[in-house]
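Take a walk through the model shown here.

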Amino acid sequence: MSSSTLLRPAGAPAPDATRRPGRAPGRLRRRIVENLTAYGFLCAALLCFALFSWYPIVRGVLLAFQQVNFITDPVWVGWDNFELLFADPLFWDAWRNTLLFTGLALVFGFFVPFLIAVLLNELRHAKGYFRLVVYLPVMLPPVVAALLWKWFYDPGPGLFNSLLRAVGIDGPHWLDDSSTSLLSLVLVATWSNLGSATLIYLAALQTIPGELYEAAELDGANVVQRMRHVTIPQTRFVLLVLLLLQVVATMQIFTEPYIMTGGGPDDSTVTVLLLLYRYAFVYNDFGTASALSTLLLLVLSVFSFAYLRVTRKAEA
Amino acid sequence: MSDRAVRTLFSGNREGIGYKIAFTVTFVVFTAAFVLPFLWLVMGAMKPAVELAQVPPTILPRTWHPGNYTEAWHLMDLGKYFLNTVVVVAGAWAVQLLVDVPAAYALSKLRPVLGNGVLALMLVTLMLPPSTLLVPMYLTITDLPVLGVNLVNNPAAIWLPAAANAFNIYLLKRFFDQIPTELLDAARMDGAGAVTVLWRVVLPMARPILAVVSILSVVAAWKDFIWPLLVFSDPALQTLSVALQRFAPDTPINLLLAGLVLAALPMIAVFLAFQRHILAGLTAGSVKG
């Protein structure tokens, strides 16, 4: 066998078009062996994906139309699970809370990191320190962050109200008051996660060529105009991508309400995922839980597809 | 990059009083927002429970009780939960590398029939929010198809799904794609099989990406809460995060805080040690180029 055939990538047409037909079976066998080797390397991953990703995706949708009890075979129940959900007033509360949470989380978690990144990009000292500390909360296990902030929120000796008291303000009751509970959760989630968005924005800001600012300045653009016509257009892709990712992430909020409020007070922090958890693992109604997760999947896929389109376009 | 002055949004010099004020304010606000909470926690954990209930709170502990840390360790039996967590995290890390590295290598360099289709099917799972799979995943591990095994209370219920990580495969494949095929072909001509090529040629070159994937997988496994909460119904097998939230309601607050410090320390240490890799993985993941 010549070295040229060995160097040729598998699947590429043979350069030697006049090869003798007698060699074809050997070539075929080699292709088969190559493919078997490749699938040998792939088989563990295929098995894991099949069992823990592909199969559950399909099963989740099927379950939404079934009743499961672990004793007899699942029963098809049509749209019953969805009807049960729609009749549950908590279902509507959960969506309202989740959307409100997502909206508030975007106000804080989307704009604040961008402004912080713009600010950090201007500073010329202690850059390493800023980058280090802003990311520290991201490293905290969410359970630790939630329990820590629960202590901070304590209306009596808690850190926040103690600080407010020191300046003469009677602080709110944070988690114990249904008008501030959801906002309190947003603040924890923002504090824990804004480090990653900030550093991603910062990396994007650093790729903006200095000449653009210089040119804008020569044209007499002030700071606001430079922000509008240089900074934002130059980082638009990253801004859009993170916006979509944040919507998808915040709509799946679970750990903070589960640990800090349990959904209360007055169901003001029952989120879609918390309700899903209750249906599945408290009431053992996996069918209705699946109906709910299918609905969540449908809503979130809108954002997922938007994300896909944005990133595809950027690649092309 | 620090000395070369790149023009940014503000053109003013960095010597003036305005800059100094802006810098000082930022420094103070950042320290208050991101460092003080940690200090408050570490010190709170060294106060006696009575002192923590006081209004207004003391700033420094009136009497220092570093012994709270050892007391918390014994009271909550944290050693056991640390060990459980290490088993879960180390297993998840090892399984992810063992499964995803060969898969990415095959998709990148061996390029089998339907390889691109397989890759597409894997990448599609990145688009699906993981929490919407909780219920079917849970039902799957209670009765594994074909094998009929129940993986509840078995760390494998965390390890194996962790390997179905399309993002790892994407990162690894993208790195392997940059390794020149001629290099691998040369090794093959010397008689090396596909396994040898992977082990002797590809992996030594892939150390940087292996570090990124390793750190991402360890940090994610350590931080995970909802899936371990579902998998380990037996309290004795729970991970640190799951155990801490179970203990939280009826543990003296100072000991709980000490427990939080101990649970956070390994991740803070990992961050300080591998800061560069972690931040590289962060930007590699979200934004390309």
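Of the 289 residues of chain B, what percentage count as buried? The share is 38%. Here a residue is buried if 20 or more other C-beta atoms lie within 10 Å of its own, exposed if 12 or fewer, and partly exposed in between, with C-beta atoms placed from the backbone.

A word on conventions. This is a predicted model, in which local features need pLDDT of at least 70 and side-chain atom pairs count only at pLDDT 80 or more, while totals for chains, interfaces and linings use all residues. Residues are numbered from 1 along each chain as its sequence is written, and chains are lettered from A and ligands numbered from 1 in the order in which they are written.

Chain B has 14 helices and zero strands. Both are DSSP runs numbered from the N terminus: helices are H or I with at least four residues, strands are E with at least two. Chain B is more spread out than a compact globule, because its radius of gyration is 24 Å, well over the 19 Å that the globule rule gives for 289 residues. That radius is taken over C-alpha atoms, and the rule is 2.2 Å times the number of residues to the power 0.38. Along the principal axes, the C-alpha atoms of chain B fill a box of roughly 75 × 65 × 35 Å.

Chain B splits into domain 1 (17-71) and domain 2 (76-250). These bounds come from an automatic or database domain assignment. The C-alpha centres of the two domains lie 38 Å apart. An unreviewed UniProt entry lists residues 82-274 of chain B as "domain: ABC transmembrane type-1". UniProt positions follow the numbering used here, feature names are shortened, and annotations may be inferred rather than shown by experiment. The span 82-274 of chain B is 74% helix and 0% strand, and its end C-alpha atoms lie 21 Å apart.

Now the interface. In chain B, 84 residues are in contact with 89 residues of chain A; contact requires C-beta atoms, placed from the backbone, within 7 Å. Helix 14 (residues 253-286) of chain B gives the most to the side that touches chain A, with 14 residues.

The unreviewed UniProt entry lists residues 99-120 and 182-204 of chain A among its spans for "transmembrane region". Residues 99-120 of chain A are 100% helix, with end C-alpha atoms 31 Å apart. Residues 182-204 of chain A are also 100% helix, with their ends 31 Å apart. Helix 6 (residues 142-152) of chain A is mostly covered, with 10 of its 11 residues buried. Among them are A:W149, A:K150 and A:F152.

A:G103 sits in helix 4 (residues 89-122) of chain A. Is A:G103 buried or exposed? A:G103 is exposed, because 12 other C-beta atoms lie within 10 Å.

Finish with the backbone. The peptide bond from A:G264 to A:P265 is cis, with omega near -15°. A:P265 lies in the loop between helix 12 (255-261) and helix 13 (272-282) of chain A. A:W174 is not a glycine, yet has a positive phi of about 40°. A:W174 counts as buried, with 23 C-beta neighbours inside 10 Å. B:N153, also not a glycine, has a positive phi of about 65°. B:N153 belongs to the loop between helix 6 (134-142) and helix 7 (156-163) of chain B. With 13 C-beta neighbours inside 10 Å, B:N153 counts as partly exposed.

Notes: Two residues are in contact if their C-beta atoms, placed from the backbone, lie within 7 Å.
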